[in-house]
Amino acid sequence: MAAPSRTSWRGFLKLSLISVPVKAFTANETGGEVRLNQLHKDCNSRVKYQKVCPAHGELKSEDIVSGYEYQKDTYVVVDPDELDKLRTKSDRAVSIDGFVQQDEIDASYYAGKTYYLLPDGPPGERPYALLREGMVKNGVAAIAQVVMSGREQLVLVRPLGKLLVMTGLHYPQRVREAADFEQEVDDIALKPQEQQLTDTLIGASKIEDFDLDSYHDQYVTKLKQLIEMKVAGQEVVQVPDHEEPKILNLMDALKKSVAEAQARAAGVPTANADAADEGGKDADAPTAKKLAPSAGRKKGPRKVGGE
């Protein structure tokens, strides 16, 4: 499938005197999301948000600017065009500061926004390929800075297949250190048998052929299912949970967990697995009762003829 025609950003990937023209496409897909609107619970009318000036009433978007309060009720207006004047041409590039080992940046610094970088035209293809291949051979990723969406961002550029991928990073000042929370965790003297059982459980639970595509957003699936049921005038019935086995102590839990993990690895069905599967089926196809839509609601689902 061809890459989407709409780019999120165009510029250069710069390393010393080498400039690679690139275009960025967002890797985050939002098309499958279900967006809910806020309604007044008494009449189902949609809630509206209005931007109001206490002196002049409701405002249009073109009448609103951004400002910083430097004294009580005293502001200085910050114009994006003025801020752009403080930037140089190099700010409009992904400027590589250097390279680090790919596992050197902890995932807690990932900001959640990722882009695929592609060479922008034939002139960028060879330096792009050289840079990507060099990063693969050396097992490194690049630390860089770029201006996107009007502000400077710290990013990690790494090879992925034939591509270079750029992921936004939080600045260290925006990430709370793990050490701040470690004092809440006590030092426990672990028993050798506990450690051995835990190692066995982890070994038996390893996923040999991991496929991330097998995971799906169950929230979206269930939300769509709920909406369809409500539109059809059906009552939502609680899906029954399978009963968890009662475990009296940690050692019993470890032993039973190891036995079940080893049985699953050998393809032997277990009671818990059967119950979980049954619960999954229930979740996919919940029971529902026909129910007339609530009376007196302005925009609620309509009753279909014949029901």
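Q: Hi! Axes are lines fitted to C-alpha atoms, for helices over the stretch in contact, with angles from 0 to 180 degrees between N-to-C directions. Which helix axes come within 9 Å?

A: Those of helix α4 (residues 192-204) and helix α6 (residues 250-265), crossing at roughly 25°. Helices (H or I, at least four residues) and strands (E, at least two) are DSSP runs, numbered from the N terminus. This is a predicted model: local features need pLDDT of at least 70, side-chain atom pairs count only at pLDDT 80 or more, and totals for chains, interfaces and linings use all residues. Residues are numbered from 1 along each chain as its sequence is written, and side-chain values use heavy atoms, leaving out hydrogens and water.

Q: Which residues of α4 and α6 meet?

A: From α4, Q193, E194, L197, T198, T200, L201 and A204 meet residues of α6 including L250, M251, L254 and V258. Contact means heavy atoms within 4.5 Å.

Q: Switching topic: what do the seven strands close into?

A: A barrel, in the order β1-β2-β8-β11-β10-β9-β7, with mixed pairing. Two strands pair if DSSP finds at least two bridges between them. From one strand to the next, the twist averages 40°.

Q: And how many bridges join β2 to β8?

A: Five, between β2 (residues 18-26) and β8 (residues 110-119), and the two strands run antiparallel. K23 stands opposite L118 in β8.

Q: Which helix packs on the sheet?

A: Helix α2 (residues 125-138), whose direction makes about 70° with that of β11 (163-169).
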